[in-house]
Amino acid sequence: MSFVYFIFIPMIVALVIPFLYKKVSGIHTGWFVLVVPVVLFGLYTTLLPMVQKGEAHSSSFDWIPSLDISFISYIDGLSLLFSLLITGIGSLVVLYSIFYLDKTREQLHNFYVYLLLFMTAMLGVVQSDHLISLYFFWELTSISSFLLIGYWYKRDRSRFGALKSMMITVFGGLMMLGGFVLLSIMGDTYSIRELIALAPELANHKWFVWSLVLVLLGAFTKSAQFPFYIWLPDAMEAPTPVSAYLHSATMVKAGLYLVARFTPLYASSEYWIWLVTGIGLLTLFWGSFFALKQTDLKGILAFSTVSQLGLIMSLLGAGAISFHTGVEDNSIFKYAAFAAIFHLVNHATFKGCLFMIAGIIDHETGTRDIRKLGGLMSLMPITFTIALIGSFSMAGLPPFNGFLSKEMFLTGMRSISEFDLFAFDTWGILFPIIAWIASVFTFVYSFYFVFRTFTGKHKPELLPKQAHEAPIGMLISPAILGSLVVAIFFIPNIIGDALVKPAVMAIQPFLYTSTSDIKIHVSAWHGLTPELWMTVGIIVLGYLLYLTLSKWQPLYSKFPEGFSLNRLYDCLMFLSEVGTNRLSRLYMSGYMRSYLVYMFTGIILLTISTVFIQNAFDMSFAMISPIRFYELIIALVLVAGTVTILLAKSRLTSIIALGAVGYTVALFFVIFNAPDLALTQLVIETVSVALFLLAFYHLPKLNRHENRMKFRLGNALVAFGVGVTVTIVALSAHSQKLVPSISSYYEETVYTEAGGGNIVNVILVDYRGFDTLFEIAVLAIASLGIIGMIKLRLTTKKEVNRNEN
Amino acid sequence: MEIVMCFVIGFLFMAAVYLMLSKSLLRIIIGTGLLSHGAHLLILTMGGLDGSSPPVVSPGVTDYADPLPQALILTAIVISFGVTAFFLVLAYRSYQELGTDNMNLMRGTEDDD
């Protein structure tokens, strides 16, 4: 089977959805949509046995063969894991959304079209082996996410959140494209597999680090890493199914996927290890710390997502270290990739489940504000149970899957402090400490989330709705995810063998040749290791902090609001808008004179500097004709006429002086042996002066007071510059004639070939008749334009119509 | 003579540009007129001013003035005349409609997008 076509199935189904929505109004449109991810999930499970053997499925179809651009679906362990997550959680989210979104009040066709578009995009991202098609799908996720966040487009916050996420993720996407282009030039291929095979050669390329940083920028913006996480909390304005699907389980993991996919290529670089591990850990701490500041349930979950993504990111970085230690090394680095993928799966289960719980609470009580909630345990027992499972897993408590991955995470971070390359021996000790502190905060906000909502005093007077248990359909999806959370704890190795190990194979191909080489056995009880004591410490300290939360939580409001990253983003947007506005107002003055000054100054600078730099000025007296007396006189008359124009007080004088200049030019034509020119010039100058006089006569009465042109130094300088430039260019050009004129041909053949005596006229109508044709056209157009200008008076007509009305 | 002409042409360009930078619409059009005179003379000068007889075939003459620049200038004169005439009527119409010939008053307002 060609799996590349399956990527496009959701997109094709999306085309039909609006028809179904309009025609079949009795059934919730979501039921039709549900079929798509379920069928795809089934299809992808058939590949499971293949990837467990360490094999991969590849299929492609050409898009632009001449540019070597095609859609290549390459399904190995990593892609399959993500594809199963996308379709699996996609099915549950669609099911949940059927009960969450009202059939009559919501624009369901919009919602499901966007969601299906997103599904195609996401499947494309994780399966593409081609850099350009990967980028194509990557941007499609940004766009469909933008549409989904702005789903309730009548709310200001939705539009703001949608725009913010768009700006940040598209910025990252473009950076990533830059990295991809560099990579494709370095390796002369678009295929990621081939690039990875070339990795040792690429590592010494001068652009290697550039492409690394650019690709990471794409991954960090998408996966909401520090400092680009700010779009994620604002994206919580989306409907809750969207938050659960895009902003916890799938899209934000696209960045993680990218890092995992490119690890074999970049693992040799210390920049990669430092950036991925360091930024991941910073994000982990930052997100967990600020999650406690939030009062909105989805806000807490958004920061928790940021924090958990940081955790996975840092583990992926630690997994890259194993490139330098090798398989024989007994350090834990080679398990870090396993831990990352394992936690990625766990996070998708418990976070999806928690988001759905938050949606249920919102749906049944009318608010998500944690200060108004409380005491819902007895009213919503099932919801509470599922929320408890999810939160405890997030906190890393047994018997839930979060415990297993948290233990592996602590082990991974602890071993970083023992790594002795790339300055990790000095700074590495910080890693386990920060990780541990962040875990404590994770514990606190998990408890904060679940116990503030469900225990304590019930405050019905604050709730917009009467709280009650959710309908059963809404509980199915979180219940399935919740039971998975528990199931994975008890049977981690089944998931580990079936899903995680093939993915690890894809991330660390430099360590293993087949999946059976990965000898990792997850066990809930692994002896009295230091990690266990760290977990005990987390629980004890976390519990104490939770009990005293009301004492120290107000400290968060002490943080200066002005220094937050959101403020920085707002300032940046404001400044870029206002700044460019000011800049364009500065030079776009609206005065013709300013623009002419810009242009003339530009011409002067360009020409003079070119002449100067090229050392092109040359003056020779070799080919000049002698100066005759009356030529000099005419030149003086010409100059005198021009000066008169400049100095004239009345406009009439300047018009007449212009006429004088025109007739002098005609005299020049006479003495330089150009009779046709002289004739034309005389006639045309006469008509022109008549036209000038006409225009002069119709001057408005108001401004008819005559005055001399005011002298302005700036104008004079520009004018002088232009004059000097023209003189220099003319002198230089005249002194350096390289080839003789072609006119001798005309002179010889004018009678024999064309049968004429006046060479100029024969050139105009015979040799170069086309010029004349279009010059006639110019005159015709000008005269038609003049007639149009005089005859057509649209504005006056309109006024007449207005009066009639 | 070509050297002198280069300076004369430069002077014409200078005057033309100075006029084009002024406020009055009529002066700007006068400036364009001077500019086209300058350009025409420039073409003629660059073709060489050394011919001793007009480019009309006559027996016994070999030293014609270069006919090609003259043909080019003839075309240019006609085109610049067409454009100038159009400009002038445009100016005349804008006097009628706007009641001013001051370029500074003719700039778009800030709301005028």
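A:Ala224 has a relative accessibility of 0%, so it counts as buried, the cut-off being under 20%. You'll find A:Ala224 in the loop between H10 and H11 of chain A. Its phi is near 55 degrees, which is a positive value in a residue other than glycine. A cis peptide bond joins A:Phe226 to A:Pro227, with omega at about 0 degrees.

Keep in mind that this is a predicted model. The predictor gives the complex an ipTM of 0.94 and a pTM of 0.82. For chain B, the average pLDDT is 86, and 95% of the residues score at least 70.

Now hop to A:Asn673, in the loop between helix H28 (651-671) and helix H29 (675-697) of chain A. Phi is positive here too, near 60 degrees, and A:Asn673 isn't a glycine either. With a relative accessible area of 14%, A:Asn673 is buried.

H4(A) is mostly covered, with 23 of its 24 residues buried.

Helix H14 (residues 270-291) and helix H15 (residues 297-325) of chain A pack at an angle of about 155 degrees, their axes 7 Å apart. Angles over 145 degrees count as roughly antiparallel, so that is how H14(A) and H15(A) run. Their contact brings together 16 nonpolar residues, 11 polar ones and no charged ones.

Terms used. Residues are numbered from 1 along each chain as its sequence is written. Chains are lettered from A and ligands numbered from 1 in the order in which they are written. This is a predicted model: local features need pLDDT of at least 70, side-chain atom pairs count only at pLDDT 80 or more; totals for chains, interfaces and linings use all residues. Side-chain values use heavy atoms; hydrogens and water are left out. pLDDT is the predictor's confidence in each residue, from 0 to 100. Axes are lines fitted to C-alpha atoms, for helices over the stretch in contact, and angles run from 0 to 180 degrees between N-to-C directions. Helices (H or I, at least four residues) and strands (E, at least two) are DSSP runs, numbered from the N terminus. Angles under 35 degrees count as roughly parallel, over 145 as roughly antiparallel, 65 to 115 as roughly perpendicular and the rest as oblique. Ala, Val, Leu, Ile, Met, Phe, Trp, Tyr, Cys and Pro count as nonpolar, Asp, Glu, Lys and Arg as charged, and the others, Gly among them, as polar. Buried means under 20% relative accessible area, exposed over 50%, partly exposed in between (1.4 Å probe, protein chains only).
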